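Visitor: Could you walk me through this structure, contact by contact?
Guide: Gladly. Have the model open first.

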Amino acid sequence: MKQHICTSINGEITEFLCDSSATLLQVLRDNLQLTGTKEGCGSGDCGACSVMFNDRLVCSCLVLAVEAQNSRIDTIEGMATGDKLHPLQQSFLEHAALQCGICTPGFLVAAKALLDTNPSPTETEVRFWIAGNLCRCTGYDSIVRAILDAAEKMRHAETGVAP
Amino acid sequence: MSHSNGKALRSVGTRPVRPDGIDKVTGRAVFSADFNLPDALSGAVLRSPFAHARILRMDTSKALALPGVKAVVTAGDLPTISDEQAQINDQPPDFRDLSANILARGKVLYEGHAIAAVAAVDTESAQRALQLIDVEYEVLPHVIDVQQAMEPDAPVLHENMITRGITPAPTRPSNIASRHEQIHGDVELGFSQADITVTEEFTTQPVHQAYIEPHACMARVASDGQTEIWCSSQGQFMVRAYCARLLAMPLSQIRVIPLEIGGGFGGKTTVYLEPLAVMLARKSGRPVKMEMSRADVFRATGPASGSYISMKIGARKDGTLVAAQGILCYQAGAFAGSPVRLGCMTAFAPYDIANVKMIGYDVVVNRAKSAAYRAPGAPMASFAAESLIDMLALRLDMDPIELRIKNAAREGTRTAYGPGFREIGYLETLEAARAHPHYSAPLGKNQGRGVASGFWFNIGGQSSAAITLNEDGTVMVATGNPDIGGSRASMALMAAEVLEIDVNLVRPQIVDTSSIAYSDLTGGSRVTFAVGMAVTQAATQLVAELKQRAAKLWDVPDGQVSWRDGCAIAIVDGSDECLSLAALAAQAGKTGGPVAAHVSLNAQGAGPGFGTHICDVEVDSDTGRVTVLRYTAVQDVGRAVHPSYVEGQLQGGAAQGIGWALNEAYLYDDNGALLNPGFLDYRIPVASDLPMIDTVLVEVPNPRHPFGVRGVGEVPIIPPLGAVANAVSRATAARHVDLPMSPPAVLKTMQRAARRRR
Amino acid sequence: MHYHAPTELAEVAALLASAKGQGRVMAGGTDLLARFASGMPRPDMLVDIKQVTELMVIEQHDNGSFTVGAGVSGAVIGEHAALCRVWPGVTEAMELIGSVQIQGRASLGGNLCNASPAADSVPALITAGAHCRILGGQGERQVPVADVIQSPGKTCLASDEFIVSFYLPPRPARSADAYLRLIPRSEMDIAVAGAAVNVTLDNEGVVVAASVALGAVSAVPFAVPGAAELLMGSRMEDDLMAQFKTVVSSSCRPINDKRGTIDYRNHVAGVLAVRAARIAGERAAWKEKA
């Protein structure tokens, strides 16, 4: 029997029906057509399906959709504000921090979670934070630089001082 | 045809935001699994649990009877491919093998080998249907290891496999598909002149391309046979050609719509699911979507070959290399076709050696059929060769870069595989590496520094580009090659360069197989070079046409009009006149209609690429665990069209090579079943494993490309295996000859060396 | 599969007892869902315990002891400053499990009940002398963590029992613990071997209490009292630690598998135990100064 779930996704109250065995990832992609969240492994090892679940960074492949009842979910689709990109999105573009781009949504969601809790991470902190997000194209170099640079720009925007 | 001719470049060499960037940072980009159609069925594949078995009987009737199941296909549904149809233009693949790989015929040859496919109304029904397919197997002895597969008493995979390349031909079948020989000079004579020889045996394990996007596709077949396939691949024309040949269909009946590709690295240069989806869609009359799980990807799609290599080099006391020889045995997987020949060709290509003899064996084993992986065949051979060069440097007490400089191939050097080099930049990479601060930085305890070089041919190939001028003066650039790592940006930059306009006025597009002429697939480091050449020529034609249109409007001879800053200019009746792209576009109706140019060519003159990498490691002497401390990749890139994406190729290739060197490997149980078909135990590097990867772009322009471009994607995966191994060997004072250098392996080699020293 | 998310402790046991077929408790689900994805049959009933308050809180008691809810995630544990200060080994062991994404969900209770020989938090909990509060149809019982895992994948819990919380006892001044594991990469791997050491020093820096436990080198994580005894009365002198390493290595009963060989695991367990002991000792001494 399908379960009726009501939850907030990117700030919108959303309802869906799902089997109790369906993962949040499956519901996001298949029921709600939010395909920005990617499936790379289905076992929590690649981070491509990263979303925020009640303000915690999680792999949506390791969350049951039924757990989402009365929860808050934020995905890559909610990261930009209207047509204004989040500074991390802009930074990824400027640093060429993506080649194929399949891992990019997961990295962006993970990086935002980092900067929300630690606005001035070191390179080492960035590397360990994103260790659960696999990228096979870039060697991580440009991703790490993009996150560090976005952090700096966001700090300056906060204080109103130009970098 | 050089556009550089002294004029400063305005677009080429800049770093604009890529045209497809916004879609990829917002989640809007449509990758293969993101594409849906209403009413689509869900396809699933039944795979062999055995490494080697005869299929005695298969009954799909119960599966077909399950409610919700709409179609089942087995090998019997695939057309038989005749010997004449086995290849296209005498090139691999062999379509009889490819057909048998897509659905096993009579025998399964590896764990994960597809034997049947079903389509059902949802994934659960499809999965349940697979369980209802009744298969009776006769399990056969299997062989995983390449050396064991070459033994006379090894289980034989293909009863009709007679080794090619041996005269007289063997009378008995074996797992050795072919023997390849490459002789340059007289190797016996060469070794007789050597003061010092170094000999060693090396092994490397198969490694997966490990793109993050699993294979997926959607197919739809109309009742008249018209077929559409939506998928990500390294070539929509490859998918069309392969499906047509496998399913005996005319090319005109198939349209392949390329979706964004989530990494390929060579692994998406063939088909697995697409023909199955077409057959299921045809049988069911409904669209069929198929997706591989990550475990399917590891079990059934192409790794790079594992290898066993025995190699020897000889040198004079002053370090001059006089001879090299090698025996290379590469695992092809379940069907013939490892890149061993390319290994033989590339191993010693960086060096000017008078006498080289290489023998390669292509060997089948009970593993998934190997597929291309970035510089196919080169990294493992280079690992062996560059390790020997390092051992020689240690024996001679010479600096390893000096030794390489002394023997470096230059313009005019005849390669061991045949042709002579023209303009190449190998020496420049060595000199840049030697001058880099990294090379002279101090090292601490348990640390070591390794150097290695690599060579890749780079290729051109058949390519098409269409440029159309929109009514408002903006420009569309259409090509038929998937953008794996930023090639849209490069195409736009080259078109903008020729048109002398802002790159943002150019919109590049990757179009389907019905919208442009044929193009070879994206691979071999060919797109920026060869497709870029088509784009450049098309843009040049567009400029010529626009000058004619302006001449018509001004009523002056064509030759009086020139092109500058995106405008036609001329002196008309004594005054300077100018017509912008927008003005010409707006008046196109008056001057002959829409303005467009299409170029299809077979690009020649690809410039070979060379790279030299420096790697520092620290080895935990108690556990054997290796940490990469610092890494620098130097490469001759000809001309960097978009330097950020060129640097990205170097960094990504280096990271993949580091993974190959340190931790990536397939692990099997005694029955030949894969134990690590996931990212948990197939250990690709994570961000915290790596340091920043410094890059140095050496630019020795390729004169046979309008902007001097050389391919850059393959070279950077070649040197890391040797660079890391040489660094670990120097840090531990013990030579590491087996990859991966996992902690237990490194510790064992260190302990063995310590016992020997005692 | 029926899914329930009760809010009261009593409901959990009742639900488990009522399950037709197999019932399973889910906390973070990071092991469970990964196994479902790999084709493991799903239980008939899944009881999600994350809405039950008692399972989701960390409490510090006046005597210095802690109660950590079985469903508390690694991320929440890592953010609890007092717990991290008093039990650096337990908390670092928990935080080593998986990525940040996994940390957002994985729990001490799940790590223990998954009953993997390589569970990172378990050796540290054993050396800490932690107890589990277990609730079930027959009532409540306290079981030392060391006694919970019986064999790979199997615990001492009855089908209607679940872990409510972990109790970490009060500890004397100059006490500290440490956990180290070996993995091939720097993150994301399962331990090839793991070692936890908990020590208390006297004013002179001499070890007056010690415990040692190992993971991934036997069918279940286990304590090595012989190794701990060696540390007693010592200042971890080099020659003693060489002996300590030998005792640790010889106590291992590992298997050859895809993650390591017997020889390598025996060797590395000794190396890690020595290093963990020294870190624990330094931490305890540093606390002395602080």
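Visitor: Which element gives the largest share of the side of chain B that touches chain A?
Guide: Keep in mind that this is a predicted model. Between these two chains, 42 residues of chain B are in contact with 42 residues of chain A. On chain B, the elements giving two or more residues are α1 (21–26) and α19 (643–662). The largest share, eight residues, comes from α19(B).

Visitor: How many charged residues does the side of chain B that touches chain A have?
Guide: Go class by class. That side of chain B has 21 nonpolar and 15 polar residues. The charged residues there number six.

Visitor: And towards chain C, how many nonpolar residues are on the side of chain B?
Guide: Here 17 residues of chain B are in contact with 14 residues of chain C. On the chain B side, five are polar and five are charged. The nonpolar residues number seven.

Visitor: Is α15(B) roughly parallel or roughly antiparallel to α16(B)?
Guide: Take helix α15 (residues 487–499) and helix α16 (residues 527–554), both of chain B. Their axes come within 9 Å and cross at roughly 30°. Angles under 35 degrees count as roughly parallel. Therefore α15(B) and α16(B) are roughly parallel.

Visitor: What is the handedness of the crossing where α15(B) passes α16(B)?
Guide: Find the place where the helices meet. Residues of α15(B) there include M491(B), M494(B) and V498(B), and those of α16(B) include V531(B), V535(B) and A539(B). The crossing of α15(B) past α16(B) is right-handed.

Visitor: Which strand gives the most to the side of domain 1 of chain A that touches domain 2 of chain A?
Guide: Chain A is divided into domain 1 (2–78) and domain 2 (87–159). Their C-alpha centres lie 22 Å apart. The contact takes 13 residues from domain 1 and eleven residues from domain 2. With three residues, the strand of domain 1 that gives the most is β3 (residues 50–53) of chain A.

Conventions:
Residues are numbered from 1 along each chain as its sequence is written. Chains are lettered from A and ligands numbered from 1 in the order in which they are written. This is a predicted model: local features need pLDDT of at least 70, side-chain atom pairs count only at pLDDT 80 or more; totals for chains, interfaces and linings use all residues. Two residues are in contact if their C-beta atoms, placed from the backbone, lie within 7 Å. Helices (H or I, at least four residues) and strands (E, at least two) are DSSP runs, numbered from the N terminus. Ala, Val, Leu, Ile, Met, Phe, Trp, Tyr, Cys and Pro count as nonpolar, Asp, Glu, Lys and Arg as charged, and the others, Gly among them, as polar. Axes are lines fitted to C-alpha atoms, for helices over the stretch in contact, and angles run from 0 to 180 degrees between N-to-C directions. Angles under 35 degrees count as roughly parallel, over 145 as roughly antiparallel, 65 to 115 as roughly perpendicular and the rest as oblique. A crossing is left-handed if the near helix is turned anticlockwise from the far one by less than a right angle, and right-handed if clockwise. Domain bounds come from an automatic or database domain assignment.
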